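Here is a friendly tour of one protein chain. Take a look at the fold first, and then we will walk through its parts together.

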Amino acid sequence: MNFSIKTIKNPDLKILRQIKEIYKDAGWWDNTDNINRLAKIVKGSHIFVVAVHKNKIVAMARAISDKVNDAYIQDFAVLKEFRNKGIGTEILNFIKDFLIKKEFKWIGLISEKKAVSLYKRHGFKIFKEKTPMIYEFKKTGK
């Protein structure tokens, strides 16, 4: 399968709509989300990466960071019909290489159970003595 990996910093509306579809496909878009918020997410990321196949964005991932010491991979998703074709591996390698060149000390992430094997194949390990935690605000929508 032919696809290219690109970074995005200031997406136009067409690109934002395609990214929104990936968030929806992953189940991460709800009635409190909007395109303006998505634009800020992309712009505020240390790196935002997409995979493009035939002019369509089919996958994405981003890293957030202090830009000095560490980074966290977030919002890593591939459209369902494009999974298991090597796209996720290419995106993960792209982000890892970018952060390694910047001499970061470590890269963290929280994996969904079905993606653990992907991350393990690429050198990530489970923090046995750590527990991921989250504080979520109540979601309200119109």
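Helices (H or I, at least four residues) and strands (E, at least two) are DSSP runs, numbered from the N terminus. Counted this way, the protein chain has 4 helices and 5 strands. This is a predicted model, in which local features need pLDDT of at least 70 and side-chain atom pairs count only at pLDDT 80 or more, while totals for chains, interfaces and linings use all residues. Residues are numbered from 1 along each chain as its sequence is written, and side-chain values use heavy atoms, with hydrogens and water left out.

**Overall form**

- Starting at the N terminus, the elements follow the order β-α-α-β-β-β-α-β-α.
- The C-alpha trace spans about 40 × 40 × 30 Å along its principal axes.

- Two strands pair if DSSP finds at least two bridges between them.
- The 5 strands form an open sheet in the order β1-β2-β3-β4-β5, with mixed pairing.
- At the edges are β1 (4–7) and β5, each of which pairs on one side only.
- From one strand to the next, the twist averages 25 degrees (angles run from 0 to 180 degrees between N-to-C directions, and axes are lines fitted to C-alpha atoms, for helices over the stretch in contact).
- Strand β3 (residues 56–65) pairs with β4 in the antiparallel sense over 6 bridges, and Ser65 stands opposite Ala71 in β4.
- Strands β4 (residues 70–78) and β5 (residues 106–109) run parallel and are joined by 4 bridges; here the partner of Ala71 is Ile107.
- Between β4 and β5 the chain passes through helix α3 (residues 87–101), a right-handed β-α-β crossover: with the strands pointing away from the viewer, the path from the first strand over the helix to the second runs clockwise.

**Helix packing**

- The axes of α1 (residues 13–26) and α2 (residues 35–44) come within 10 Å and cross at roughly 95 degrees.
- That makes the two helices, α1 and α2, roughly perpendicular (65 to 115 degrees; under 35 is roughly parallel, over 145 roughly antiparallel and the rest oblique).
- Their contact (heavy atoms within 4.5 Å) includes Leu16 and Tyr23 of α1 and Leu38 and Val42 of α2.
- Helix α1 also packs on the sheet, touching β2 (47–53), β3 and β4, and its direction makes about 85 degrees with that of β3.
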